[in-house]
Structure formats: structure tokens, C-alpha cells
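My notes follow, in the order I looked things up.

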Amino acid sequence: MSDRILMAPSILSADFANLGNDVRMIAEGGADFIHVDVMDGHFVPNLTIGPPIIKALKRVTDTPLDVHLMIDNADWSVQWYLDAGADWVTVHAEACDHLHRVLQSIRAAGAKAGVSLNPGTPIDTIKDVLGLVDMVLLMSVNPGFGGQAFIPHIVDKTRDLAAMCETAGVSPLIQIDGGIDTNTAPLVAQAGARCLVAGSAVFCAQDPVGAMNAIRAAGESAI
Ligand code: DX5
Ligand code: ZN
């Protein structure tokens, strides 16, 4: 397992009126991914951005766009995000009728495929698709909003997922999303996470690049 922590700042907490500038700043500051939270006001109780913004962000940065789809019916709309230029596309296991097929179609389009689980969904749910994914995203808050408190049981869940992957002989990137800061980063890194999403702890800080790098350093100090 890598001893590096990849950082995926979530633009949900960026300044939407100056999105291009915020994305450029955090990308030039060393972000490994730009995490884009797509919400449909149905699967989650919030509405955010969609394919046109993703297309526009592709013109601003070469840093991979890590698109987290918190939407129902990703089965048919996933293609919109692939066409818009998403580099990594993560769908929720809870929101896909045909999870296996959706993940296959993401890879067939040449993108990296991720599967996500809400805090209340057990990891066994994705056992049969582990071989089809490049990333597993464990939500450490209930999805919908930035700035929520980290749910502690995700540390054990991360450890269990890492063990399940090892047993299956696969090594998807384990990403954690929600309530990540310099206090929680070491806990999940130690448990096996290698990619951390952080929204409010990065973009609400005085120095977003410094805050991102502090979270990375905190995580790497624990592995
Ligand atoms: C929540 C989103 C997150 C969110 C994280 O549903 O998936 O990516 O931006 O925000 P923080 O880091 O503030 O918890
Ligand atoms: Zn997210």
C-alpha cells in the first residue's frame, strides 16, 4: 500500500462566484484531484452542479476531475458526466439499479470507476463489484452538505474494507469523504485510506493550499 495520501479538495465549499480561480489555485497548490459533488435534490437533499460546469472546469485545469455522483438513476445519466470530461466517476451503490453495468460503462468510456457507500450501508454490498472499480469511496457523513461532523465508526469500516480488498486480491484507492481535517485524517489514513476529500477544512481556511497540505501531512504522519 502506498505511503502517500492523495488530496481531493471538494469544490462544494469553494466560492461558486469565483470557481475557476479557486480550482486553479488549489490545483496549482498540489491537489491530486478536484472533487466535484453532483447532487440532484432527490437522492440527497441538496442541488449543486451538473455537466456544463464539469465541461467548463476541464478548460481551467489538467488536474483530474473526481466526480462524485449523489444522484438517482445514474444508470442512464452517467454518460452525461463522461461526455463532459469527468476523469473519475463515482456512483452510489444505493442509487444504481444495475451497479455492475454502470461501473462497466464508466470503464468502457475510458474513465476510472468508483463506487460509494453511505455511512449506513455495509461494505458487503460491494463485494461482487470490487474487481470493477478503481476507487471505493466511504462516506464519513450522510451525503448532501459540507461542514458536517465526521462519523467515528467509519474508521473501523475503513479497516474492514482494506482487509476485504486484500482478501479479494484487489487494491482500489480507498477514499474517505466528509468531516476530514487534521484531526480525522490520521485516523482514516492509519486504517487504510489513501485519498482524502476535504471541503470546508480547505476552502473555508484563510490559506486553502496550506490547509490542504496540512491535512495531507497529518494523514501521512500516521502511515
Ligand atoms: C458531502 C460531499 C462532500 C463534502 C465534504 O455530501 O460529498 O464531498 O463537500 O465536505 P466537508 O469536507 O466539509 O465535510
Ligand atoms: Zn463528495
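Where is the place of Thr 63? I found Thr 63 in the loop between α2 (51-58) and β3. Helices (H or I, at least four residues) and strands (E, at least two) are DSSP runs, numbered from the N terminus.

Before going on, I noted the ground rules. This is a predicted model, where local features need pLDDT of at least 70 and side-chain atom pairs count only at pLDDT 80 or more, while totals for chains, interfaces and linings use all residues. Residues are numbered from 1 along each chain as its sequence is written, chains are lettered from A and ligands numbered from 1 in the order in which they are written, and side-chain values use heavy atoms, with hydrogens and water left out.

I looked up the accessibility of Thr 63: its relative accessible area is 12%, so Thr 63 is buried. Buried means under 20% relative accessible area, exposed over 50%, and partly exposed in between (1.4 Å probe, protein chains only). Leaving aside neighbours within four places in sequence, I listed Ala 27, Ala 31, Asp 32, Phe 33, Ile 34 and Asp 87 as the contacts of Thr 63; contact means heavy atoms within 4.5 Å.

Next I went to Asn 73, in the loop between β3 (65-70) and α3 (74-84). Phi of Asn 73 is near 60°, a positive value in a residue other than glycine. With a relative accessible area of 37%, Asn 73 is partly exposed.

**Strand β8.** Which way do the residues of β8 point? Cys 195 and Val 197 point one way, Leu 196 and Ala 198 the other way, and all are buried. I looked for pairing partners, where two strands pair if DSSP finds at least two bridges between them. β1 and β8 pair in the parallel sense over 4 bridges, with Met 7 opposite Leu 196. β7 (residues 173-177) pairs with β8, also in the parallel sense, over 3 bridges, and Asp 177 stands opposite Val 197.

**Helix α8.** I wrote down the buried residues of α8 as Pro 208, Ala 211, Met 212, Ile 215, Arg 216, Ala 218 and Gly 219. They cover an arc of only 160° around the axis (taken from the directions from the helix axis to the C-beta atoms), which puts them on the same side of α8. What covers them includes β1 (6-9), α1 (19-28), α6 (185-191), β8 (195-198) and α7 (200-203).

**Cysteines.** How many disulfides does a search of the whole structure find? I got 0, with a disulfide defined as a pair of cysteine sulfur atoms within 2.5 Å. For Cys 96 the nearest cysteine sulfur, that of Cys 165, is 18 Å away. Cys 96 counts as buried because its relative accessibility is 10%.
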